[in-house]
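Please have the sequence and the model open while reading.

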Amino acid sequence: MAALIAENFRFLSLFFKSKDVMIFNGLVALGTVGSEELFSVVAFNCPCSPARNYIYGLAAIGVPALALFLIGVIWNNHTWNLVAECHKRGTKNFSAAATFLLFGSIMGRASVAPITWSVISLLRGEAYICALSEFVKPSSLDKFPAEYGAEVLAKFPCRDVPENLTKFRDEVTRRLRYESQLFGWLLIGIVAVLVFLTKCLKHCCSPLSYRQEAYWAQYRSNEDKLFRRTAEVHSRILAAKNVKQFFGFVALDKEEKELVQEFPVEGVQPSPQWNAITGVYIYRENKGFPLYSRLHKWAKGVEGNGPTPEGHELLFLAS
């Protein structure tokens, strides 16, 4: 029971594992701000029609946010590692809490852009004013002419109103903009508090020291760079050999000829090896020594996913 509790608490370290993550999230947010500004200038055009305003205003906020969320899920490496893990091994090695928090990590990363979009939309206020102008109660406006109703209120965002309603249009716009910006600032505050609490829980529940976690982040980054670079060279050399076998020669530039001579490729890695280094990785120790990745685990010849009498596993998800 104690081991299960420790496992679940350590999985709280799913979010914001490195400075690289924070920088990436910042760049995503900045890109989203620019996209929202461009959308507002170029694309947003309130229909100023009853029943249509509400749908259009909500769609202007919600549909781009949904698209950005799905793009964030697709771009997250954890998504496809989880798919590979479920396809090859299932989720039998994860507790329910661990699986839930893994999904939480994916959803949290993917939420950066849509939350930014929603916040900027609310702070600007155009979509909110468009969506809710027709729902303002005429009785809440001092001396509002009784002959006008929701149809005229729906036209307030377009400024297409009679002269005697100009002051009411300004009041409604100011009131709705206030509400919209208030919701925007509240959303910023809620997200800031959640990020702060998550960071605190992450540092409190992490089984690694600060220096070891920094080393692990550097190792993952270097392993990924070297793996991609080596895979590119390996595939190029293998392709050159196969093309040469088919045509009898292969047209290589000077750099590629040097690569072929320097790194002889005899064959390809079998599928079991690829499967062994693919999937969700959780920090593990074997006989007191850390295993920093699936590739590291495979290179050390450690078999299986579950804890063994000789090995101890600390459930700590790589970012």
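**Links between side chains**

Glutamate 171 is partly exposed, with a relative accessibility of 26%, where partly exposed is the class between buried (under 20% relative accessible area) and exposed (over 50%), computed with a 1.4 Å probe on protein chains only. The model is a predicted one, in which local features need pLDDT of at least 70 and side-chain atom pairs count only at pLDDT 80 or more, whereas totals for chains, interfaces and linings use all residues. Residues are numbered from 1 along each chain as its sequence is written, and side-chain values use heavy atoms, with hydrogens and water left out.

**Salt bridges**

- The structure holds 5 salt bridges, a salt bridge being a side-chain nitrogen of Lys or Arg within 4 Å of a carboxyl oxygen of Asp or Glu.
- Glutamate 171 is the partner of arginine 175 in one of these salt bridges, and their closest N and O atoms are 3.2 Å apart.
- These two residues, arginine 175 and glutamate 171, stand 4 residues apart in helix H9 (residues 166-205), and so about one helical turn separates them; helices here are DSSP runs (H or I, at least four residues), numbered from the N terminus.
- Arginine 175 is partly exposed, at 26% relative accessibility.
- Another salt bridge brings together the side chains of arginine 169 and aspartate 170, with an N to O distance of 3.2 Å; arginine 169 counts as buried at 11% relative accessibility, whereas aspartate 170, at 33%, is partly exposed.
- Arginine 124 and glutamate 126 are also joined by a salt bridge, in which the closest N and O atoms are 3.6 Å apart; arginine 124 is partly exposed at 23% relative accessibility, and glutamate 126 is partly exposed at 32%.

**Disulfides**

- Across the whole structure the search finds 2 disulfides, a disulfide being a pair of cysteine sulfur atoms within 2.5 Å.
- One of them links cysteine 46 with cysteine 130, at an S to S distance of 2.1 Å, and with 80° about the S-S bond this link is right-handed.
- This pair connects distant parts of the chain, 84 residues apart, since cysteine 46 sits in the loop between helix H2 (19-42) and helix H3 (52-75) while cysteine 130 belongs to helix H7 (residues 126-132).
- Cysteine 46 is buried, with a relative accessible area of 10%, and cysteine 130 is likewise buried, with a value of 0%.
- Cysteine 48 and cysteine 158 form a disulfide in which the sulfur atoms are 1.6 Å apart, and because the torsion about their S-S bond is about 95°, this disulfide is right-handed.
- Cysteine 48 lies in the loop between H2 and H3, and cysteine 158 in the loop between helix H8 (150-153) and H9, so the pair ties together parts of the chain that are 110 residues apart in sequence.
- Cysteine 48 is buried, with a relative accessible area of 10%, whereas cysteine 158 is partly exposed, at 36%.
- When the bonded cysteines are counted along the chain, the disulfides of the protein chain follow the pattern 1-3, 2-4.

**A further cysteine**

- Cysteine 200 is partly exposed, with a relative accessible area of 30%.
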